[in-house]
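Please look over the structure below. A short briefing on its architecture and side-chain contacts follows.

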Amino acid sequence: MAVPFAESKKTRKPQATKNAHVCLPISQEEYFELVDWTGRCIRDGKRGAIPAHIRPILQRLEIKQDNWIDGIQHYGNHFYKVVGIMRHLLEETERQGRKWFKGQSAARLLYQ
């Protein structure tokens, strides 16, 4: 399921959603900044300090900064079908009538 950004690119205003977690709490531009920075870290093999402009993005996504790069590099080993903070994983598990989704342990490590 594709999730919209919290902020509309055209209006720069938050988009209305039925549930608070149905959208990413960042703008499209912030998403691209995060993807670009993450890709550069992985490509260059550098895991140095997280730049000041990236920290608030990770905070709004409720991501533990120390685990971000590892979580992305090993995404396929950690998650399958569903990714996100634990409460959202559990909600989706229930919504789909399942008992479990791969990624619960990784979610506890990656997300706050």
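**Helix H5 and the briefing**

Glu-92 is located in helix H5, where helices (H or I, at least four residues) and strands (E, at least two) are DSSP runs numbered from the N terminus. The model is a predicted one, in which local features need pLDDT of at least 70 and side-chain atom pairs count only at pLDDT 80 or more, while totals for chains, interfaces and linings use all residues. Residues are numbered from 1 along each chain as its sequence is written, and side-chain values use heavy atoms, with hydrogens and water left out.

**Around Glu-92**

- Glu-92 is buried, at 14% relative accessibility; buried means under 20% relative accessible area, exposed over 50%, and partly exposed in between (1.4 Å probe, protein chains only).
- The side chains of Glu-92 and Arg-95 form a salt bridge at 2.6 Å, N to O; the term requires a side-chain nitrogen of Lys or Arg within 4 Å of a carboxyl oxygen of Asp or Glu.
- Both residues of this pair, Arg-95 and Glu-92, lie in helix H5, three residues apart, about one turn of the helix.
- Arg-95 is exposed, at 59% relative accessibility, whereas Glu-92 is buried.
- The Glu-92 side chain also makes a polar contact of 2.6 Å with the side chain of Gln-96; such a contact is a pair of N or O atoms within 3.5 Å, and within protein one must be able to donate a hydrogen and the other to accept it, with residues adjacent in sequence counting only if both atoms are side-chain atoms.
- Apart from residues up to four places away in sequence, Glu-92 touches Val-82 and Phe-101, contact meaning heavy atoms within 4.5 Å.

**Overall fold**

- The protein has six helices and zero strands.
- Of its 112 residues, 30% are buried.
- Among contacts between residues at least 6 apart in sequence, 43% join residues at least 24 apart.
- The accessible surface is about 7,800 Å², and carbon and sulfur atoms account for 53% of that area, as computed by the Shrake-Rupley method with a 1.4 Å probe, where for residues only the protein chains shown count as cover.

**Nonpolar core**

- The largest nonpolar core has 22 residues, and those touching the most other members are Leu-34, Trp-37, Ile-54, Leu-58, Ile-63, Trp-68 and Tyr-111.
- At least two residues of this core come from each of H1, H2, H3, H5 and H6.
- A nonpolar core is a set of buried Ala, Val, Leu, Ile, Met, Phe, Trp, Tyr and Cys residues joined through side-chain atoms within 4.5 Å.
- Not counting residues up to four places away in sequence, Leu-58 touches Leu-34, Ile-50, Ile-63, Gln-65 and Trp-68.

**Other salt bridges**

- The structure holds four salt bridges.
- One of them joins the side chains of Arg-60 and Glu-30 at 2.4 Å, N to O.
- Arg-60 lies in helix H2 and Glu-30 in helix H1, so this pair ties together parts that are 30 residues apart in sequence.
- Arg-60 is partly exposed at 34% relative accessible area, and Glu-30 is partly exposed at 21%.
- Asp-36 and Arg-40 form a salt bridge with their closest N and O atoms 2.9 Å apart, and both lie in helix H1.

**Loops**

- Glu-62 sits in the loop between helix H2 (55-60) and helix H3 (68-73), and its phi is near 60 degrees, a positive value in a residue other than glycine.
- Lys-102 occupies the loop between helix H5 (86-95) and helix H6 (104-110).
- A polar atom of the Lys-102 side chain lies 3.4 Å from the backbone oxygen of Asn-77.
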